[in-house]
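Subject: Structure handover

Hi,

Here is the structure to look through. Please open it first, then read my notes below.

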Amino acid sequence: MHRSNTCGELRISDAGRTVTLAGWVQRSRKMGGMTFVDLRDRYGITQLVFNSENDQSLFEAANKLGREYVIQVTGVVAERSNKNSNIPTGDIEIIATGLKILNKSDVPPFTIEDETDGGDDLRMKYRYLDLRRPAVRKNLELRHRMAFEIRRYLDSKGFLEVETPVLIKSTPEGARDFVVPSRMNPGQFYALPQSPQTFKQLLMVSGFDRYFQIVKCFRDEDLRADRQPEFTQIDCEMSFVDQEDVLQMFEGLVKHIFKYVKNIDFTEPFPRMTWADAMRLYGSDKPDTRFGMEFVELKDLTENSGFAVMDDAPYVGAIVAPGCAAYTRKQLDKLTDFVKRPQIGAKGMMWVKLETDGSVKSSVGKFFTDDQLKGWLERGNARPGDLMLILAGETMKTRKQLCELRLEMGSQLGLRNPQEFSCLWVVDFPLFEWDEETQRYYAMHHPFTAPNPEDVDMLDSNTGEVRATAYDMIVNGNELGGGSIRIHDSELQDKMFRLLGLSEEDAQYKFGFLMNAFKYGAPPHGGLAFGFDRFVSILAGLDSIRDVIAFPKNNAGRDMMIDAPAEIDDSQLDELCIKVDIDEK
């Protein structure tokens with residue numbers, strides 16, 4: 001071994017021991033006849049001392065060390081005179097008696113420290129250096145610990161971890177598939193799984209009862225901070241269960257992990273909210289319930305005012321921002337600009353202030369009396385000093401815009417503390433969603449989701465109103481995971497395919513293997529998948545899942561470090577019987 005101890009291990013009780021450490025030079029400080037070097041490895045930092053009075057040649061060698069040199073040092077553990085309480089090894093230092101340079105280093109392109117001077121693209125290009133930073137390393141250590149604890153918990157509940165195939169058949173429902181050409185079957189393609197959905201259902205048909213897998217999934221979709229083209233799910237399925245069984249099982253898992261990682265006890269059951277209420281009160285199926293500001297509907301109070309913006313709108317909704325009546329016109333104009341951004345798309349914003357003296361001021365005061373404006377404020381339970389912000393337009397679109405405004409106000413008021421956690425289940429999703437462009441229904445989740453038993457009779461007569469036996473776990477406005485009870489009856493599955501516009505031939509081509517399996521005694525079953533990357537990022541207090549993935553892609557789906565995706569040789573294309581024809585446009 002190149003070392004007897006790690007750089008995070010030694011304490012005052014080790015004083016007097018001769019030890020050997022190995023690691024990277026974090027920094028060095030030259031102070032007259034002494035040079036101090038901070039040596040770093042995965043486990044921590046230890047200060048080394050090189051004294052010219054003890055060994056001049058050793059001292060001179062230490063003065064030539066650069067940042068990120070890999071070195072081996074032998075020396076005696078001594079108590080520090082100027083202790084550093086910020087690090088676990090801050091009570092000791094190593095009086096160096098030997099030094100060996102294991103490898104030199106070029107000057108790194110950014111500082112290898114928590115508060116680095118490297119931008120995102122630079123750090124992604126040199127990700128192997130970024131991973132040396134303690135802040136990044138801690139995220140991956142948390143990920144490791146969570147993965148082990150999740151496995152332990154599910155094993156204790158009788159779940160088996162079963163690997164499922166990575167090269168599968170393309171069944172394009174939902175996001176785009178990543179496809180992989182088959183050399184041995186020219187002109188044919190595999191797909192990378194968006195999830196192991198059909199395989200975990202087949203495992204239930206196989207009698208495996210309780211399955212889980214911490215599994216890679218792939219989706220070729222537009223990216224953002226909480227998306228990656230390849231991501232990891234905690235994928236689970238159970239037989240002989242109904243919705244309540246699944247919710248209880250996996251609420252238990254979430255509570256266990258919060259206790260294990262954050263020492264937070266959730267003693268009460270997680271609240272449950274219907275999809276309809278989530279959209280009505282928050283404009284989102286993943287509401288952030290760390291703070292209030294629920295929507296206030298005002299349409300009935302604004303009719304026949306002569307103000308076309310409200311009169312012509314099918315929906316008028318508002319939020320009440322506590323203590324914000326002091327907002328200046330400049331601040332209000334910035335909020336208006338915020339909701340008018342293309343990604344939000346509102347045409348404008350209205351406001352009413354309830355001043356601390358009880359008087360009202362409003363951007364629409366010339367269209368409404370003070371008594372009318374006070375009626376709006378009363379409906380929103382506004383108090384003196386509060387500010388009401390109002391949007392109007394088409395119902396679902398405006399609710400989503402109001403959701404963005406609510407989240408922005410929550411951030412401005414400091415109500416979205418990443419170290420506070422609010423969990424809930426959203427249930428009773430619609431089974432279908434209608435697409436105007438294609439004039440057909442699509443499955444809101446996937447085509448194997450069971451309808452609510454109470455709504456089965458409406459499948460033909462009132463299709464758009466049918467609720468799914470589906471559920472999502474929401475934490476701090478993030479969809480941590482979701483699932484459903486599955487259809488296990490072949491006739492009901494056939495009807496589902498028909499309602500989704502799939503012919504019998506299409507359904508047989510895409511899902512025949514599953515439909516055939518159901519003919520051999522499929523048990524009632526259901527499950528859920530948590531986003532593992534997202535779970536880690538939430539508990540780490542991060543905004544992006546990219547920070548908890550060792551080698552992530554950027555928002556264009558590129559790996560900046562290895563420069564992928566990339567072109568391949570013509571000879572490889574020939575073997576695959578593929579011709580690339582790129583549109584110059």
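Start with helix α10 (residues 329-339): D333 and R329 both lie in it, four residues apart, about one turn of the helix. Helices here are DSSP runs of H or I with at least four residues, strands are E runs of at least two, and both are numbered from the N terminus.

Two points on the source. This is a predicted model, where local features need pLDDT of at least 70 and side-chain atom pairs count only at pLDDT 80 or more, while totals for chains, interfaces and linings use all residues. Residues are numbered from 1 along each chain as its sequence is written, and side-chain values use heavy atoms, with hydrogens and water left out.

Back to that pair. Side chains of opposite charge can pair when their charged atoms come close. D333 and R329 form a salt bridge, at 3.5 Å from N to O. The term means a side-chain nitrogen of Lys or Arg within 4 Å of a carboxyl oxygen of Asp or Glu. R329 is exposed, at 56% relative accessibility. D333 is partly exposed, at 38%. The cut-offs: buried is under 20% relative accessible area, exposed is over 50%, and partly exposed is in between (1.4 Å probe, protein chains only).

How many salt bridges does the structure hold? There are 40.

Next, look at R127 and D130. Their closest N and O atoms are 2.7 Å apart, in another salt bridge. The two residues sit three apart in helix α3 (residues 127-130), so about one helical turn separates them. Are they buried or exposed? R127 is buried, at 2% relative accessibility. D130 is buried too, at 0%. Both belong to a network of salt bridges that links D120, R123, R127, D130, R133 and R546.

Now a pair that spans the chain. K200 forms a salt bridge with E237, with the closest N and O atoms 3.8 Å apart. K200 is in helix α5 (residues 197-205) and E237 is in strand β10 (residues 230-239). They are 37 residues apart, so this pair links distant parts of the chain. Both residues are buried.

Last, stay with α5. Seven of its nine residues are buried, so the rest of the structure largely encloses this helix. Among the buried ones are K200, L203 and M204. The buried residues of α5 pack against β9 (210-218), β10, α14 (504-518) and β22 (525-531). Contact means heavy atoms within 4.5 Å. After α5 comes G207, whose phi is positive, near 90 degrees.

Best wishes
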